Amino acid sequence: MIRIMTLADVPRVAEIHVFGWRDAYREIISDDYLFNTMLVSKRMKYFEEAVVNNSEESYVFDDGILRAFMTIGACRDTDKPDSFELWGIYVDPFMQKHGIGSKMVGYCETKASERGFSEIYLWVLEKNVKAITFYEKLGYVPDGSAKTSDHLPVSELRYVKHLYQQSST
């Protein structure tokens, strides 16, 4: 069900990304940005490039219908060099509340553990209460770090979760 993203997935992933942003960030980010800048055609080009260049580690949830995607990888924050990061996760707004997001986050956590990481983190928009509630239910907590987005005037909060690895003894 969860597998690596391919070129064939790009149109659907771009659609999920754009409509996910519009659903989640409406009234947080301007309509001008959401409807005039955040376009499926632009996101398709971005994701095509990412797949061709293997520049991102992206996965899809596909049970015959591609319902969600996420991008994960090594941390991008200089103060967290030994952490793993959930770069982004989007579930089609019509497919939410069915456990897909939780399965995707669980998969990310498994990948992090398999690679020897004991901490995973993510950034979430401060005003995105729905996402914050979701992450907190999964055991993520704010670590006190905040930043303003590079390209949008919105505040983001960093949430972390410590992963407990079983001893091999």
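**Note on the aromatic contacts**

1. Phe 84 and Phe 117 are both buried, a term for residues under 20% relative accessible area, with exposed meaning over 50% and partly exposed in between (1.4 Å probe, protein chains only). The model is predicted, with pLDDT of at least 70 needed for local features and 80 or more for side-chain atom pairs, while totals for chains, interfaces and linings use all residues. Residues are numbered from 1 along each chain as its sequence is written, and side-chain values rest on heavy atoms, without hydrogens and water.

2. There are nine aromatic pairs in the structure; rings of Phe, Tyr and Trp (its six-membered ring) pair if their centres lie within 6.5 Å, and planes under 30 degrees apart are stacked, over 60 edge-to-face and the rest tilted. Tyr 46 and Phe 47 form an edge-to-face pair, because their planes stand at 80°, with the ring centres 5.2 Å apart. Tyr 46 is partly exposed at 36% relative accessibility, whereas Phe 47 is buried at 2%.

3. The pair of Phe 84 and Phe 117 is tilted, since the planes lie at 50°, with centres 5.2 Å apart. Phe 84 belongs to strand β4 (residues 84-91) and Phe 117 to the loop between α4 (100-114) and β5 (119-125), so the pair ties together parts 33 residues apart in sequence. Helices (H or I, at least four residues) and strands (E, at least two) are DSSP runs numbered from the N terminus.

4. Tyr 46, Phe 47, Phe 69 and Tyr 90 are linked by ring pairs into a cluster. Arg 43 lies over the face of Tyr 46, 4.4 Å from the ring centre.

Terms used
A charge sits over a ring if NZ of Lys or CZ of Arg is within 6 Å of the ring centre and within 35 degrees of the ring normal.
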